[in-house]
Amino acid sequence: MQFQKYYESVIKVLNGVVEERASRPRILVCAPSNGAVMNVLQRVMQKGFCQTDGNRYCPAIIHVGTNTGQQSEFSEFSVETRANNLLNMRKEEWMHWLSHQYHTVKVLEADLRAQLAIFDQIIQNSDNDSGYLYGKLLTMYEHRDRAVADLARLEHLRPYHEGKCVGEYDLSTLRSALEASFVDEAEIVFTTLASSGKQCLMKISHGFETLIVDEAAQATESCLLLPLIHGVKHCVLVGDPQQLPSTVLSQTAIRSSYDRSLFERLVQIGIQPFLLTVQYRMRPEIREFPSAFFYENKLSDANCTLLTSVIDYEALLHGHDITFMPYLIFDTSAGVERRSALGSIKNEFEAQLCVKLISILSAGIQHIGTAMPTLTVITPYSFQCERVRELVKCLKQTCFDIKVSTIDGFQGRESDIIIFSCVRSAQSGMGFMNDARRLNVALTRAKSTLWILCSSNARYDDLWASLFDDAKKRDAVVPSAKVQKLVESFALM
């Protein structure tokens with residue numbers, strides 16, 4: 001809609017109604033964590049947007065923040081990487097591109113003037129497709145503007161290459177100006193809430209029309225205030241109050257509601273949120289329990305969730321007396337938890353079972369598309385993460401892109417296959433896994449397969465009893481005896 005307004009303003013300029021076009025619509029996309037930001041960036045990068053005429057539109061995007069350049073697939077969108085590429089340019093190379101860009105701008109300006117000169121004559125002919133002409137001129141305007149922006153950046157480098165930029169302050173100022181110019185040119189800017197106050201965002205010539213905050217229920221109010229300083233006219237908060245809130249360690253701060261998000265405050269004062277009831281991630285078997293327990297059975301499945309799984313479950317039956325399915329709970333009552341000196345917990349039985357299940361899953365992999373399927377082991381405890389990583393490193397071969405993460409660290413992300421190691425033997429309680437919101441996060445990360453490793457002793461807790469009872473009704477619980485047999489056959493492959 002904003003782009004349509006921009007398009008209409010260009011038409012008014014061409015028709016002589018106004019003298020100056022409106023600024024191109026700009027959107028600031030934020031999230032509490034860099035992982036959540038990159039998740040949204042990846043989707044925009046891969047899919048773009050669909051225009052009203054059905055054509056695919058890929059907007060100019062930029063990422064402001066740390067670590068982008070370390071991920072090769074995102075490096076071209078990193079504002080830091082782009083600025084570094086310019087600063088690392090040799091003087092001869094800079095002079096060549098400066099001359100080339102002056103010529104490019106001159107040619108584009110001449111072409112645009114020539115097209116505008118004959119525009120009135122063409123538009124008066126009713127037989128012509130005016131939409132095509134407007135679109136062509138809009139494209140020419142954009143190419144010219146982009147070329148001028150590139151030229152301005154090269155001119156910014158003149159003092160640097162002429163030896164007039166000598167101190168660290170001058171270099172820092174130059175870098176900041178280059179980064180701000182890239183941000184100014186982008187239609188969509190991605191950054192974390194904390195990075196939304198960076199200098200390159202404060203130096204832009206025009207602000208943002210809209211702010212979109214993903215995982216908004218996971219951010220404190222004070223964090224979310226920072227991007228609002230850019231004078232946005234519209235703010236869209238996207239989040240799930242049924243999942244984890246922000247991490248606040250101080251009990252005094254929690255008693256003062258410091259951990260409350262702006263999303264929650266607005267709901268508490270009576271603003272009714274829009275519930276997005278169609279889910280696009282989980283297979284129906286995985287969606288069933290979270291929908292019933294957390295969302296009053298209001299979730300429905302998009303057609304894409306019914307597509308063929310990345311696993312051929314029938315192929316997993318060979319040599320095993322377990323009926324493998326997309327959704328299973330493995331009863332790990334035989335496991336024993338151990339506590340580290342720092343207070344974290346691990347469960348060796350479950351760690352070995354994780355790796356055994358990875359090797360079993362490898363036998364049923366179905367290569368759909370070119371990307372390697374993702375498999376993530378999630379667990380509440382960092383000590384368990386360390387042990388699983390050690391065992392995974394010993395696997396000689398695997399068909400998966402394997403990651404190991406804490407539940408809190410994986411909020412806002414997804415994986416084709418999730419193996420959820422609960423760790424606790426439940427003899428001393430389920431610890432902070434008694435938090436329904438943390439369990440909800442763990443149960444809603446998987447797209448194709450969710451296998452839960454948990455002791456049936458957890459049924460003494462009402463929350464976990466509901467999970468086990470639901471799985472038992474669906475014949476989705478692997479009994480302890482069969483699980484022990486699996487672990488006894490454990491061997492790194």
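**Entry 1: the six-stranded sheet**

In what order do the strands of the open sheet of six run, and is the pairing parallel or antiparallel? I noted first that I am working with a predicted model. Reading across the sheet, I found the order E14-E13-E15-E16-E10-E17, and the pairing is parallel. Next I looked up the edges: they are taken by strand E14 (401-406) and strand E17 (477-478). Each of these two has a single partner strand, so one of its sides has no neighbour in the sheet.

I then looked at what packs on this sheet. Helix H12 (residues 284-294) does, and it touches strand E10 (327-331) and strand E16 (446-454). I wrote down an angle of about 60° between the directions of H12 and E16.

Strand E13 (residues 374-379) runs parallel to E14, and six bridges join the two. As a landmark on this pair I marked Val377, which stands opposite Val404 in E14. A reminder to myself: strands of a sheet pair through backbone hydrogen bonds, either parallel or antiparallel.

**Entry 2: the five-stranded sheet**

I found another open sheet, this one of five strands, in the order E4-E5-E1-E6-E7 and again with parallel pairing. Its edges are strand E4 (61-64) and strand E7 (234-237); each has a single partner, so one side of each is left without a neighbour in the sheet. From one strand to the next, I noted an average twist of 20°.

Strand E6 (residues 210-213) pairs with E7 in the parallel sense, over four bridges. Here my landmark is Val213, which sits opposite Leu237 in E7.

**Entry 3: one face of helix H3**

Which residues of helix H3 (residues 79-87) are buried? I listed Val79, Glu80, Ala83, Leu86 and Leu87. Looking down the axis of H3, I see these buried residues within an arc of 125°, so they line one face of the helix.

**Entry 4: Arg144**

Is Arg144 buried or exposed? I located Arg144 in helix H5 (residues 130-156). Its relative accessible area is 15%, and the cut-off for buried is under 20%, so Arg144 counts as buried.

What does its side chain meet? I noted a polar contact of 2.9 Å with the side chain of Asp145, and another of 3.4 Å with the side chain of Glu109.

Terms used:
Residues numbered from 1 in each chain as written. Predicted model: local features only at pLDDT ≥ 70, side-chain atom pairs only at ≥ 80, totals over all residues. Heavy atoms only, no water. Pairing = 2+ DSSP bridges. Contact = heavy atoms within 4.5 Å. Axes fitted to C-alpha atoms, helices over the stretch in contact; angles between N-to-C directions. Buried < 20%, exposed > 50% of the residue type's maximum accessible area, 1.4 Å probe, protein only. Arc of directions from axis to C-beta. Polar contact = N/O pair within 3.5 Å; in protein donor to acceptor, adjacent residues only side chain to side chain.
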